[in-house]
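Here is a short report on a sheet and a helix pair.

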Amino acid sequence: MNNYKLSHLQELEAESIHIIREVAAEFENPVMLYSIGKDSSVMVRLAEKAFAPGKVPFPLMHIDSKWKFKEMIQFRDEYAKKYGWNLIVESNMEAFRAGVGPFTHGSKVHTDLMKTKALLDALNKYKFDAAFGGARRDEEKSRAKERIFSFRDQFQQWDPKNQRPELWDIYNARIHKGESIRVFPLSNWTELDIWQYIRLENIPIVPLYYAKERPCVEIDGNIIMADDDRLPEQYRPLVRPRMVRFRTLGCWPLTGAVESTATTIEEIVEEMMTTTKSERTTRVIDFDQEASMEQKKREGYF
Amino acid sequence: MNKTLDIKAYLDADEQKDLLRLLTAGSVDDGKSTLIGRLLFDSKKLYDDQLAALERDSKRLGNAGDHIDYALLLDGLKAEREEGITIDVAYRYFSTNKRKFIIADTPGHEQYTRNMITGGSTANLAIILVDCRTGVITQTRRHTYLVSLLGIKHIVLAVNKMDLLGFDQKVFDAIVRDYRQLTDHLGIEDVTCFPLSALDGDNVVERSPRTPWYSGPALLDFLETVPVHADRNFSDFRYPVQYVLRPNLDFRGFCGKVASGIVRVGDEVVALPSMKHSHVKSIVTYDGALQEAFPPQSVTITLEDEIDISRGEMLVHPDNLPHIGRHFTTMLVWMDEEPMDPSKQFFLKHNTNTTRATIAAIRHRIDVNTLDQKEGAPFILNEIGQVDILTAKTLFFDPYAVNRQTGAFILIDPITNNTSAVGMILSPLDESALENDLVPTLDLPRLGITSAHYDAIEAAVRDLARQGLEVRIIK
């Protein structure tokens with residue numbers, strides 16, 4: 001026996017840093033996808049750690065669906081500036097100009113065009129050969145069996161039945177032109193690990209995670225925050241201030257808030273541990289169709 | 001009790017927990033998914049909505065009668081749910097007051113050896129399930145052999161469905177006897193056996209009153225306390241350089257993960273393959289400098305002297321060198337649908353090194369059911385055996401049994417880029433008779449190239465080497 005022992009968080013951190021460095025070393029043109037959420041915030045910090053005291057050798061990219069919470073966009077720009085990140089923001093402007101949005105086109109069409117298509121177009125535009133994502137295996141069943149280096153064909157599609165074996169910490173980074181790898185350095189982190197790490201490392205997160213009185217309206221059983229004036233007419237008279245927070249962040253019309261008084265990370269964790277809902281249930285898109293996340297992943301959504 | 005205070009105390013305690021990675025293996029009907037479901041359920045990780053979804057699914061597809069079918073919770077992909085089997089590795093996470101756990105759940109079918117090998121490569125411990133009505137069967141032997149091949153040091157034999165035979169001690173003892181014969185034969189030392197009913201929960205989280213003759217702990221108690229961190233190799237310092245950090249002219253850091261051993265500031269180190277010596281000047285991290293580093297930490301090392309080191313090279317202590325060579329014998333598991341073509345050149349990735357490699361000889365294959373050796377012939381999917389490998393670049397390796405980190409490699413098909421095979425090195429081989437020189441040579445004077453161009457050519461060659469294409473230069 002000896003004292004050379006890491007805690008689980010230290011071990012996860014070391015594993016993630018190793019993965020991030022491996023990508024920087026093996027790929028010509030990697031990018032880190034940034035959703036502005038808590039997991040992204042941890043992933044970004046791990047990248048900063050991996051290359052300290054140097055600069056991170058790849059850019060951050062945010063796919064802006066044009067329906068994100070205003071506070072997210074503000075946080076994104078301030079964070080990138082403060083920490084010297086090269087930030088790329090891409091949107092599906094064609095669909096945006098055509099007026100695509102969740103209220104008018106429904107969540108499926110909106111997600112397909114403003115998120116999945118916007119992402120695929122952006123990856124093609126810059127010819128990125130590797131893209132980091134902040135997904136965790138404990139989030140959702142189809143993610144539980146995805147590799148850390150997840151191969152995508154030239155159409156950016158995932159084939160769950162034909163994944164490369166992945167052993168030890170030896171990652172197969174070989175691809176042909178046009179193909180790519182999605183990389184998930186947080187694969188082995190759980191939701192609690194993420195909060196614990198944010199707490200210990202003082203990682204900045206979007207204030208929407210903390211409870212506050214916000215203008216809300218109930219739509220199909222979800223508490224939706226009226227974040228801008230695109231809220232359809234019929235809901236406007238129903239908007240009321242409610243003490244809420246968000247467990248995940250996305251497009252504001254598709255992200256349900258939860259009633260909460262948690263204003264510190266400790267209170268968030270306490271709420272999480274006593275709560276009766278797992279985190280993705282506040283996401284409207286997961287319930288579109290049976291096994292919907294697996295379907296979206298096959299099509300190229302993360 | 002004050003709740004807010006509790007949560008802070010909980011988080012402070014949680015921060016200190018270590019991590020146990022475990023593999024589960026069993027046949028389709030051994031109740032493996034049920035056992036995992038119960039570990040997850042009883043450690044209160046399951047949220048209500050996952051449970052509600054499970055109840056919905058159970059009614060539609062369930063195989064568990066009136067019980068909740070825990071197996072459905074684990075089967076992630078749609079197609080598999082309909083087939084009623086898990087076809088790939090799925091990772092599950094749970095934690096108790098003492099430890100965090102990552103479970104690699106892998107299937108028991110013969111054709112899926114590949115998945116079990118994949119799931120087990122990072123495991124500290126393996127749970128092998130047997131149905132008490134069938135005892136140690138062919139699949140048990142196969143799974144145990146694979147576990148020993150992967151070098152997993154701790155085995156749990158979960159003798160399940162004891163409720164169906166009235167928790168009969170004789171049945172349990174007979175199975176344990178059988179099993180120990182097998183593990184003795186394979187040289188596995190740490191084996192612990194449990195009489196269980198995963199469905200009813202006997203001896204899973206709490207000791208069962210139905211097995212008064214059993215004096216050991218419940219399974220979860222054991223998993224929470226079995227010491228695993230000392231399983232790592234702390235004696236042989238191996239530091240594969242992963243990335244070279246040069247933020248400015250004054251700083252040249254070598255990023256990497258400590259594969260094994262311990263390194264301290266001031267240590268004399270030697271860079272392989274150049275054999276140049278220096279001393280460790282500092283061990284740098286984002287969170288400040290360290291005095292020493294150990295596995296599996298990811299750090300950045302700076303040296304006292306300006307030595308040119310690039311990715312794929314290795315720092316070690318001068319009095320403790322790994323094997324340095326291009327020729328070795330190894331256990332190999334074939335993971336590809338396409339059968340082995342021994343005339344092919346593969347890419348071999350070993351730590352941070354990638355090189356061209358060929359299978360120089362096939363010694364034998366193993367019948368994983370009887371563990372007998374069969375004659376050497378090209379492997380097909382899921383076949384295991386011993387081969388000799390010849391690489392283009394020099395590798396720095398140890399036997400897998402001594403060092404899991406520096407004894408493992410993967411073979412990549414150069415055309416499909418698939419991970420075709422994985423290897424666990426046994427020992428180095430003699431290189432004096434090597435004729436098969438895989439490394440093309442550029443004789444610069446003979447080609448009439450003047451020394452003014454040497455730097456540019458060397459840079460291009462280094463770049464090729466990074467991609468696994470070794471070219472030797474004669475100046």
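B:T24 has B:I127 in β4(B) as its bridge partner. The two strands involved are β1 (residues 18–25) and β4 (residues 125–131) of chain B, which pair in the parallel sense over four bridges. Pairing requires at least two bridges found by DSSP. Helices (H or I, at least four residues) and strands (E, at least two) are DSSP runs, numbered from the N terminus.

This is a predicted model: local features need pLDDT of at least 70, side-chain atom pairs count only at pLDDT 80 or more, and totals for chains, interfaces and linings use all residues. Residues are numbered from 1 along each chain as its sequence is written, chains are lettered from A and ligands numbered from 1 in the order in which they are written, and side-chain values use heavy atoms, leaving out hydrogens and water.

Contact means heavy atoms within 4.5 Å. Axes are lines fitted to C-alpha atoms, for helices over the stretch in contact, and angles run from 0 to 180 degrees between N-to-C directions.

| α6(B), residues 113–120 | β1, β2 and β3 (99–105) of chain B | about 170° with β1(B) |

The open sheet has six strands in the order β2-β3-β1-β4-β5-β6 (chain B), with mixed pairing. β2 (90–95) and β6 (190–195) of chain B are at the edges; each has a single partner strand, so one side of each lacks a neighbour in the sheet. From one strand to the next, the twist averages 25°.
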